[in-house]
2 protein chains.
Amino acid sequence: MSTTAALSALSRIFGNRFSVSAAERIGHGGSESHFDPMPPDAVVWPETSQEVVQIVNICATEGVAVIGWGAGTSLEAQSQAPRGGIAVDFSRMARVLEVRAEDMDCTVQPGITRQDLDAELRHSGLFFPVDPGANASIGGMAMTRASGTTTVRYGTMRDNVMGLEVVLADGRIIQTGSRARKSSAGYDLTGLMVGSEGTLGLVTALTLRLHGRPEAVASAVCAFSRIEDAVTAVIETIQSGIPVARIEFTDAATAIAFNAYKGTNWPAVPHLMVEFHGSDASVAEDARRFGEIVIANGGEDFKWALKEEDRRALWAMRHEGYYAILASRKGARALVTDVCVPLSRLGEAVETARARIEESPISGPILGHMGDGNFHAILMVDPNDPSELDAAKSLSNSLVECALDMGGTATGEHGVGLGKLAYMDREHGEAWHIMGEIKRSLDPYNILNPGKLVPGN
Amino acid sequence: MSTTAALSALSRIFGNRFSVSAAERIGHGGSESHFDPMPPDAVVWPETSQEVVQIVNICATEGVAVIGWGAGTSLEAQSQAPRGGIAVDFSRMARVLEVRAEDMDCTVQPGITRQDLDAELRHSGLFFPVDPGANASIGGMAMTRASGTTTVRYGTMRDNVMGLEVVLADGRIIQTGSRARKSSAGYDLTGLMVGSEGTLGLVTALTLRLHGRPEAVASAVCAFSRIEDAVTAVIETIQSGIPVARIEFTDAATAIAFNAYKGTNWPAVPHLMVEFHGSDASVAEDARRFGEIVIANGGEDFKWALKEEDRRALWAMRHEGYYAILASRKGARALVTDVCVPLSRLGEAVETARARIEESPISGPILGHMGDGNFHAILMVDPNDPSELDAAKSLSNSLVECALDMGGTATGEHGVGLGKLAYMDREHGEAWHIMGEIKRSLDPYNILNPGKLVPGN
């Protein structure tokens, strides 16, 4: 067992696609979130699945950790290297391998980013719907079981990954799933891998379900004077079966941050941002029904974005919400909460979060994917003041406890990584240990992303 | 290790909820399909999760097989007992435990049947959409990853089971999933269990996602002179994004069987049966767009069922299709094929199936869930003529090979059991062995439904 031997073997094979430079190690050991840097011992850039097999085989032989690296946008330190090891950077495996428009699917390499895939699909009449804010890699999104603004209509990565090519801890390559739209042929290994955060294998190709670009799209923003009214409007919309494509909540503090970051002039109150997809007739019908719910709950000040450029601007603002909020306090880092609760408890959960943040010494705008019961508080902390991070962690802890008491989850879409590890026992109980047993059966020497997700890892 | 000791212990604990009678053993060792009887050594009827734990603990101690039993409707011998053991009949665990209308979910025991659940939900304004033809148990449907006529709109059991309570091989009880509508909190154990056919654990409770009963529903049948035109109409409907709730294909032989069984007078040609769910306006719009596609592909003779009783009669006929076809040949048993292929290959797959059946000595009407790319040939055989079963198996084999060559699957919804075991290696390759490794990690002594689904089991 020797890291030195692994580095030397990798260097020999990968030449200038291998680096131990401080810059690369630091660049592959950080995150956009509040975690301290945890650099790997080296970075390697494979170009083929077979090269990934070579990397894994070398690391298995030498007992060195292997951590996949996509776009570095994870929020829970999933791709950081608390025990060193080799970061496998997939940026040179970022191609669309095939688009099968008739089947409404495609196969891609893991390093392609969400925005690059969207650009590649633009002329196909199809799109890949999963849409977290960040411009994450598709492989990273699969490993985190990412979701985002369109999940209320199109589902999460769980629902939109049809199959995977995976390199396992012992160097075997497996193909999971098929190109059929459904199957009952044995254990759902695709589903097991999606959300496994690189602890069960390294994904080297993904087959994705695509959706037809809607004929008609309409987006809107509307304002509420009280959080609870906006939340009630969301719940009633979902319960009434209106097929919203997006339904996003932003609180007053988020509106202020948007205005400062983007030069908009939103009133400093809670808002809902919605989008409808369909035919001209269905979009008009959906918008009418939604409008009735909004009015009945005291919403007002509807602003419609019907032109594509206006819609793009609106959703770009939403996607940059995290950065807008971060920019509202100079030099701040953020701890982002990510609870998801049953719809009937959503109002109470958001109110509780808002009240506890008010009582705390730190600020934390709230926004989120309310149609799924998922919301985030962006808890801003001064990285040089440990007491602020402690306060944020304590606040986050109390919101998780609240969500779990309501039958919800510690993480709707950001994953476990290091940030949510402490809650897994409370959330899953014995089932968490079963995750550990599955991990050990597939990676007995614990070389794949050690220290993450499962107990005793 | 002693079956005798296990029987004796179970008899002592369960009294008259335990039986070794020939009638019960035979009743729990058969299937609706072509498999020979494989009776268990005994049948037990638990009433609580803790009683299931007791059963599993006794069987684990004595090394005796444990096989879950729902409604006995599986088509691939999943619940038969090729190695004997104890059939765990869930018919006394068949209650709805809780309906949470605001959250649009419910928790049920595994023994409740699809139709009983539907009746219990009738006044809630909600429904559980997964709808295989048979009146299966919900637990059995989860274990088979069942789907059916509404999957094209609402998904399979994979998409509609939010969480499970599972008794594992060592008697531990785990809770998987949560009541949040999405989560990134670790491995998707719910998804791993759904479709595992009782080889990883016995499900003792299920939390299900419910959907609002649509305001407006419209069903229709239309006729085509050629199979390929009907299939093209299906493909174009899916690709155009019309949100059909159901889109079913039946061939000419099925129409003849319907007429004989139900006294209808369908023309002896291929048909599509469709249903739309939504508001009055959206249903009308969907129906109009679908109608245009049908006409463009030479379809005709539209019959609409707008009243609930007419719709019920229409779908009852579809659901009884298997029995109608079986009744068309006195004393016949059936081998039902279940391939599922990518949409672009669907026409070719159906045509190939039709041609190969014509060339064979046996008859086999074709019908199926074409919107998913999934169809069945009901291959009828004389149970007293082994050459017919051999011919059917050979035909089934050739259809599976064809589907796998097209990137599809051997089983869209009926599962693996014993009937599809021989195809798993060809379909999954090395990934099948990974399924075996997961099985061994959770059930090292192989007491849970041995002989099924995984290699070397």
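A crossing of two helices is left-handed if the near helix is turned anticlockwise from the far one by less than a right angle, and right-handed if clockwise. This tour applies that term to a predicted model, in which local features need pLDDT of at least 70, side-chain atom pairs count only at pLDDT 80 or more, and totals for chains, interfaces and linings use all residues. Residues are numbered from 1 along each chain as its sequence is written, while chains are lettered from A and ligands numbered from 1 in the order in which they are written.

**First stop: two helices of chain A**

Select residues 227–239 of chain A, helix α9, together with residues 346–359 of chain A, helix α14. Helices (H or I, at least four residues) and strands (E, at least two) are DSSP runs, numbered from the N terminus. The axes of α9(A) and α14(A) are 9 Å apart and form an angle of about 150 degrees; axes are lines fitted to C-alpha atoms, for helices over the stretch in contact, and angles run from 0 to 180 degrees between N-to-C directions. The two helices are therefore roughly antiparallel, a term for angles over 145 degrees. The crossing of α9(A) past α14(A) is right-handed.

Next, display the residues in contact, that is, with C-beta atoms, placed from the backbone, within 7 Å. On α9(A) these are A:Ile227, A:Glu228, A:Val231, A:Thr232 and A:Ile235, and on α14(A) they are A:Leu346, A:Gly347, A:Val350, A:Glu351 and A:Arg354. Five nonpolar, two polar and three charged residues make up this contact. Ala, Val, Leu, Ile, Met, Phe, Trp, Tyr, Cys and Pro count as nonpolar, Asp, Glu, Lys and Arg as charged, and the others, Gly among them, as polar.

**Second stop: the domains of chain A**

Colour chain A by domain: domain 1 (3–91), domain 2 (94–212), domain 3 (216–323) and domain 4 (331–416). These bounds come from an automatic or database domain assignment. Between domain 2 and domain 3 of chain A, the C-alpha centres lie 28 Å apart. Five residues of domain 2 of chain A touch 11 residues of domain 3 of chain A.

Show both chains: 72 residues of chain B are in contact with 72 residues of chain A. On the chain B side, select α17 (430–442), which gives the largest share, nine residues. That side divides into 23 nonpolar, 31 polar and 18 charged residues. The copies meet through the same surface, because 100% of the interface residues of chain B are also interface residues in chain A.

How values were computed: Parallel < 35°, antiparallel > 145°, perpendicular 65-115°, else oblique. Contact = placed C-beta atoms within 7 Å.
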